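Thanks, everyone. Please bring the structure up on your screens. I'll walk you through a few side chains.

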Amino acid sequence: QAQLVESGGGLVQPGGSLRLSCAASGITFNMYRMGWYRQAPGSSQREVVATITLTGVSTLQEAVKGRFTISRDNANNTVYLQMNDLKPEDTAVYFCNANLSPYGSANYWGQGTQVTVSS
């Protein structure tokens, strides 16, 4: 079955960097639009941070443009989120997402990885 496993979260000081990874299995990875979402402490909603299409076209939330980069490695079924110049407001649980739209309705989530930005 489909599985998404995130890694790379942790505690970092403001201005620091982290790279999140999401390894996918059980899906035809190069057919899925991949994305990173986050859920801030005390919030019940997940917000989209970045997405990347099958062909590598990326979109970023306005608040992270210029600081975050999303990329994918189709050969290794992995999507990355490079986060630079981290701010306290980036603190959240980050979730990997795989979405088959428009080719199907399949939609999968990872378990999440905690990112904490604090001095």
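One term before we start: partly exposed means a relative accessible area between the buried class, under 20%, and the exposed class, over 50%. Keep in mind that this is a predicted model.

Trp-109 has a relative accessible area of 35%, so Trp-109 is partly exposed. What sits over the ring of Trp-109? The charged end of Arg-46 does, 4.6 Å from the ring centre. The charged end of Arg-46 also sits over the ring of Phe-95, 3.6 Å from its centre.

Now the aromatic pairs. The structure holds two. Take Tyr-32 and Tyr-108. Their ring centres are 6.2 Å apart and the planes meet at 40°, so this pair is tilted. Tyr-32 is in the loop between β3 and β4, and Tyr-108 is in strand β10, so the pair ties together parts 76 residues apart in sequence. Tyr-32 is buried, at 6% relative accessibility. Tyr-108 is partly exposed, at 31%.

Next, Tyr-37 and Trp-109. This pair is edge-to-face, 4.9 Å centre to centre, with 70° between the planes. Tyr-37 lies in strand β4 and Trp-109 in strand β10, so parts 72 residues apart in sequence are tied together.

Last stop, Asn-99. Look for it in strand β9, residues 92-99. Is Asn-99 buried or exposed? Buried, because its relative accessible area is 15%, and the cut-off is under 20%. Its side chain reaches the backbone nitrogen of Ser-101 at 2.8 Å. A polar contact of 2.9 Å joins the side chains of Asn-99 and Asn-107. Beyond neighbours within four places in sequence, Asn-99 is in contact with Tyr-32, Arg-33, Ala-106 and Asn-107.

Technical notes. Residues are numbered from 1 along each chain as its sequence is written. This is a predicted model: local features need pLDDT of at least 70, side-chain atom pairs count only at pLDDT 80 or more; totals for chains, interfaces and linings use all residues. Side-chain values use heavy atoms; hydrogens and water are left out. Helices (H or I, at least four residues) and strands (E, at least two) are DSSP runs, numbered from the N terminus. Buried means under 20% relative accessible area, exposed over 50%, partly exposed in between (1.4 Å probe, protein chains only). A polar contact is a pair of N or O atoms within 3.5 Å; within protein, one must be able to donate a hydrogen and the other to accept it, and residues adjacent in sequence count only if both atoms are side-chain atoms. Contact means heavy atoms within 4.5 Å. Rings of Phe, Tyr and Trp (its six-membered ring) pair if their centres lie within 6.5 Å; planes under 30 degrees apart count as stacked, over 60 as edge-to-face and the rest as tilted. A charge sits over a ring if NZ of Lys or CZ of Arg is within 6 Å of the ring centre and within 35 degrees of the ring normal.
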